[in-house]
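Visitor: I am new to protein structures and would like to learn how to read this one. Could you walk me through it?

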Amino acid sequence: MPEEYFKNALKNFSQDMANGGAIRHLWNRGYSIRQIMEHLDFPANYERVQNVVWEHLIARGVIRLTKPEPGEGQEQVSYVKEYDRYGRTSFRRVTQGILQEEMEYVPCDIGLVMHRDRALYDKILACLKERQREYAADIPWKRMRIYHKRDENIEGIMKTLKGTDFFTAFFPGDGP
């Protein structure tokens, strides 16, 4: 048992060192998972890239697994380069709180629909534009309600589905 744990930890570490940063960087630049896979120097399977993207979205606060509470914040970290009187360089960590009001989240049931009713999920994807469909299909949605940061990706999907019978399947509640 401990050997398997160590092997898995080593495998995850080596894969992250080999291409984790590249995957996150390319995702931030707007690449789809298939496009990311074409640009990797070290090969990775589709599920591996999906999982790196999922963890990245959670770490950046784009996806929340629990409902954000009012007034709850997230820290934004940056580093400031400073010099002492002898010219030595040092870096100081600066944290800045971002209030939740600045980051609005939308309840999202894409994962629930995908896992419960695949035919409905496919019909909804067919209504989306190509880039929206890629975004919705690329993320490995969990079988639960998540909260997605209201950004251009989710806004585009919401606007496309607004006025259709499918809107409430993906986005329960008030909507935009």
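**Helices that touch, and a pocket**

Visitor: Which residues of helix 6 meet helix 7, and which residues do they meet there?
Guide: Q132, Y135 and A136 in helix 6 meet N153, G156, I157 and T160 in helix 7. Contact means heavy atoms within 4.5 Å, and helices are DSSP runs (H or I, at least four residues) numbered from the N terminus. The model is predicted, with local features needing pLDDT of at least 70 and side-chain atom pairs pLDDT 80 or more, while totals for chains, interfaces and linings use all residues. Residues are numbered from 1 along each chain, and side-chain values use heavy atoms, leaving out hydrogens and water.

Visitor: At what angle do helix 5 and helix 6 pack?
Guide: Two packed helices are described by the angle between their axes and the distance between the axes. Helix 5 (residues 118-127) and helix 6 (residues 130-138) pack at about 150°, with axes 8 Å apart. Axes are lines fitted to C-alpha atoms over the stretch in contact, and angles run from 0 to 180 degrees between N-to-C directions. The two helices are therefore roughly antiparallel; that label needs over 145 degrees, whereas under 35 is roughly parallel, 65 to 115 roughly perpendicular and the rest oblique. Y121, L125 and A126 of helix 5 touch R133, A136 and A137 of helix 6.

Visitor: How do the axes of helix 1 and helix 3 cross?
Guide: They come within 9 Å and cross at roughly 65°, so helix 1 and helix 3 are roughly perpendicular. The contact includes W27 and N28 of helix 1 and L57 and R60 of helix 3. Its residues divide into six nonpolar, six polar and four charged.

Visitor: Which residues line the second largest pocket?
Guide: Among them are W27, N28, L57, R60, R131 and Y135. A pocket is an open set of points on a 1 Å grid where a 1.4 Å probe fits, with protein on both sides within 12 Å along at least five of seven lines; lining residues have an atom within 4 Å of a point. Helix 1 (2-28), helix 3 (46-60) and helix 6 each give two or more residues to this lining. By class, the lining has five nonpolar, three polar and three charged residues.

Key. Ala, Val, Leu, Ile, Met, Phe, Trp, Tyr, Cys and Pro count as nonpolar, Asp, Glu, Lys and Arg as charged, and the others, Gly among them, as polar.
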